[in-house]
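Please look through the sequence and the structure below before reading on.

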Amino acid sequence: MDTKKIISINGSVVKARGEAGFAMHDMVEVGNYKLLGEVIKLEKDIATIQVYEETRSLKIGEEVVTTGAPLLLELGPGILGNIFDGIERPLNYLREKSGDFIQRGENVNSIDYTKKWHFKPVIKNGQKVYSNMILGEVVETPSIINKIMVPYGVEGEIIQIIQEGDYNVNTSIAKIKSLDGTVTEVSMIQKWPVRKQRPYGERLQVNQLLQTGQRVIDSIFPISKGGMAMIPGGFGTGKTMLQHQLARWSDADIIVYIGCGERGNEMTDVLEEFPKLIDPRTGRPLMERTVLIANTSNMPVAAREASIYTGITIAEYYRDMGYNVAIMADSTSRWAEALREISGRLEEMPAEEGYPSYLSSRLSEFYGRAGRVKNLNGTEGSVTIIGAVSPQGSDFSEPVTQNTKRFVHVFWALNRELAYSRHYPAVNWNISYSEYVNNLQDWYEENVSPDFIEVRQEVVNLLEQENELLEIAKVVGQDVLSDNKKLILETSKAIRVGFLQQSAMSDIDTSVPLEKQFAMMKSILIIYNYSEKLIEKSIPISVIKELGFFDEYKKLKYNIKNTEIYKFKEFDNKVKETLLKLEETYKNHI
Amino acid sequence: MKTQYLGLEAINGPLVYLKTPKELSFDEEVEIILSNGEKRIGNVITLNEDIAVIQVYEGTSGINTKDVKTELKGKPLQIKLSKEMLGRFFDGAGRPVDGLGELHDYIERDINGNPINPIARKYPRNYIETGISAIDGLMTLIRGQKLPIFSSSGINHNDLAEKIIRQANIKDDKNFAIVFGLMGAEYETAEFFRKSFEESGILSKVVTFQNLSNDPSIERILMPKVALTCAEYLAFDLDMQVLVILTDMTAYAESLREVSTLKGEIPSRKGYPGYLYSDLASIYERAGMIKGKKGSITQIPILTMPNDDISHPIPDMTGYITEGQIVLSRELYQKGINPPINILDSLSRLMKDGIGKEYTREDHRKLSDQLFSSYSKTQEVRALAKVLGEADLSELDRKYLKFGEEFENKFINQKQWESRTIEQTLDLAWEILKILPKEEWDKINE
């Protein structure tokens, strides 16, 4: 018998003793309730187990049975549009089975085995196949085609492939005979250990922009497809709101949204809203390309630890089909705290602030799974990771923020003061950065405009100068500044209000194409450059301000629709003409 | 008669150590029977082969290791629930303390509850009127929301709690109840609330659980769970709109730390246990609404920030779990503004979907955005005025100062017995906003 008997229970951590040979990370069933657990430590004949469900009412002496395998995820058609808990149990199915509140010991399949999918083979008998090679296609949702792949590690010759038709996910669709003569039956479903990275061919350069429709991101601090970013911010700074915006408007093919230890009502918000929102590129509901993983803060802590891995493994599965996948993990701090909580129960020696010493290596393992790759089957795909971080006490020097910062290339720092003044997204442009700007130079030149990077740099410079000037103005007051300095302040203010601030509530402003973003940057620079010339000629800034262009600029984002970008030219021409005329009148006066 | 076990291995603070009986289960309720017949309840918090650790909610004083008996209940802690609870007072474990006798017609339920399946949740969309302008206008309380109040010692948050309990109402549903949990309060505070409930005639809508400062502190660990089990019963069995007010959550967290330390657990920040976040979440997340059910649970946990520090683990973790926060300010309190709500630090996350034309009034959203923005600008001007002196300020800046003044004195400030409807609140806001020239109404002009 492969069992051990429980000898101690402490919260989510259970110890069991017995002769049975358990292996590290084996999935086990704990006690009479058959709670799911995972072996996390072995010591002689004692196994320490983290249990993914409430351990209430377990008794000493109850049996722990190993399944002989690690926690396996089921990967196949039926994942998209679904919502799972941290260990890939479908929440709608759990609700059907056990009602509005989550009960324990419910062992259910991740994917609906009864549903039929229309499978269309793309391969013929006699063909040689290898790991992850595409056998056929299934329309998983009207937006996404699931490519059924040869399981990793299987190689050989197709001796039988099923005809086009409707099948269950567990129907055998192909038989593959390997060199040594063994025959493997393949279905549409694959099982993969949750903690293991799915292999790929080779890494590619991350030089394509992930368009998010958010100006401060796409134009100022961009992220590449296959890149990694963090969003640190104290509570109330709009992390979740920004993550939702990215999940809505990113031009990734597939979004995996992990609600890790966050609020139940927020997940409900996503669940109610995404089916209604239409993907501008496909014209289909966003939910069709989205997978949600919800382990709210009151759900068991061990499953919270696993939820991050569940999410990234699902992402890699779709990457292997040749899709660009983006993961939003909200929040990785909750995951780190789950590590800390379990580590505490294991009585491990704590490192910084009580976190275990392996925090940093776990974080680097996770972010290391981002990237754009050439898959084993020759397709190209990517996994982009965007992790929210909730720093304790809004202090960016705490361990999770600091350790994450070492691994990611984009840092979108959310700032409480900005959030207070309702400047959203509250990305602080003074300390945020993106290391992808250089990688993306060619992309911008090709896809937007040859002078994109230059224009962007000018905008960034103005914001930087504003920062310095505001420091000075704090001491001496703004009135003392010279007119050209005042112009910088006026321009930067317009950039902040008219460009950086973006309203998620406005239908026009919630997502903005890059062409418009670029036009907006150019417009403000035209106002600035023409005004600067006038100021050089001693025309006072008050006169220029009275023309009202700065105020008009601030509202352009609402007044010019995303489809009417030509109107920026009209605005620019009006600005140029008026300012030149002003120059003329002053000349005549003097 | 259930089996009883004689004697204990050890006693340490509120924890007793029992040689593990075979049938004892994790988190099971037990009854400790003293030699004089007195009974105390406890539950199993750690279970080992040889020794079980039991926390005793009424404390361990008077218990010895020899002739005390332990009786196993065979199930986790439960409380009795009934409609009769409205208007009554109970201790932290849910036993009547008002001398009106036991409940007659009741059901029993596990106090731990299970997490609501996120898919079964209904997104909260309608509001609760508190009659307090600062809250209704700027950080509207939404049914099903959890919106804590962060206070500091010496600030009159009890007055605010009392005001909310007395004034809170829902226009379209009179089936409204309040569950009030008082942890670690002095006798006078408890009396203050009791009198207020009686005098204002709302007593029959309120269920009170109280654990006073001289009651065993360990009982506080139990109270939020007991109170919320009661709230779930009222909301989801009896279809009521329930507002739960828990005060003071800092006292709760301190009791939790006390037990954790005694158990010898490895401490995390400031000595609080590593599971503080999960533990607080298991309380706060019991707010919400469920699809297909009429009732709702709204929570206002109140906590005092030790040393006025918002980054202290208790307010910090609370803020990450709850949907916003109402922060009280010592500065406003000293200025005599009541309730002393620090507008800029406060926020209601669910407000955006529960206000506007369908719920409050069409102009609500822009107006509140504008007030936040203008008041935030006022702070900048005040900082500037400190450096330059008011005389050197521009005309516009002086208007901002005036706006800030009026906003604090007329809008935030409110008499203890004054309740304003949402219309009155919004009208008042317009009146004050008019101090500023229209060009400065950037959020309204958007």
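In chain A, strand E15 (residues 174-177) is joined to E16(A) by four bridges, and the two strands run antiparallel; strands here are DSSP runs of type E with at least two residues, helices are DSSP runs of type H or I with at least four residues, and both are numbered from the N terminus. Two strands are said to pair if DSSP finds at least two bridges between them. This is a predicted model, in which local features need pLDDT of at least 70 and side-chain atom pairs count only at pLDDT 80 or more, while totals for chains, interfaces and linings use all residues. Residues are numbered from 1 along each chain as its sequence is written, chains are lettered from A and ligands numbered from 1 in the order in which they are written, and side-chain values use heavy atoms, with hydrogens and water left out.

**Strands and sheets in chain A**
- An open sheet of four strands in chain A has the order E10-E13-E15-E16, with antiparallel pairing.
- Strand E10 (128-129) and strand E16 (183-186) of chain A each have a single partner strand and stand at the edges, so one side of each is left without a neighbour in the sheet.
- Elsewhere, strand E18 (residues 202-204) of chain A runs antiparallel to strand E23 (residues 371-374) of chain A and is joined to it by three bridges, with Leu204(A) having Arg372(A) as its partner.
- E23(A) also pairs in the antiparallel sense with strand E24 (residues 380-389) of chain A, over four bridges, and the bridge partner of Gly371(A) in E24(A) is Val383(A).
- E23(A) and E24(A) form a hairpin with five residues between them, and Gly378(A) in the turn has a positive phi of about 95°.

**Where chain A meets chain B**
- In contact across the two chains (heavy atoms within 4.5 Å) are 72 residues of chain A and 76 residues of chain B.
- The count between chain A and chain B is five salt bridges, a salt bridge being a side-chain nitrogen of Lys or Arg within 4 Å of a carboxyl oxygen of Asp or Glu.
- One salt bridge is formed by Glu49(B) with Arg17(A), whose closest N and O atoms are 2.3 Å apart.
- Another is formed by Asp100(A) with Lys293(B), with the closest N and O atoms 3.5 Å apart.
- Asp100(A) lies in the loop between helix H1 (91-98) and strand E9 (116-121) of chain A, and Lys293(B) in the loop between strand E18 (288-290) and strand E19 (296-304) of chain B, so the pair joins two chains.
- Strand E1 (residues 3-10) of chain A and strand E5 (residues 39-48) of chain B run antiparallel and are joined by two bridges, with Ser8(A) opposite Asn48(B).

**Local backbone features in chain A**
- Most residues other than glycine have a negative phi, and most peptide bonds are trans.
- Lys34(A), by contrast, has a positive phi near 55°, and this residue is placed in the loop between strand E3 (26-30) and strand E4 (35-43) of chain A.
- The peptide bond from Asp330(A) to Ser331(A) is cis, with omega near 5°, and Ser331(A) is found in the loop between strand E22 (324-330) and helix H6 (332-345) of chain A.
- The peptide bond from Tyr424(A) to Pro425(A) is cis as well, with omega near -10°.
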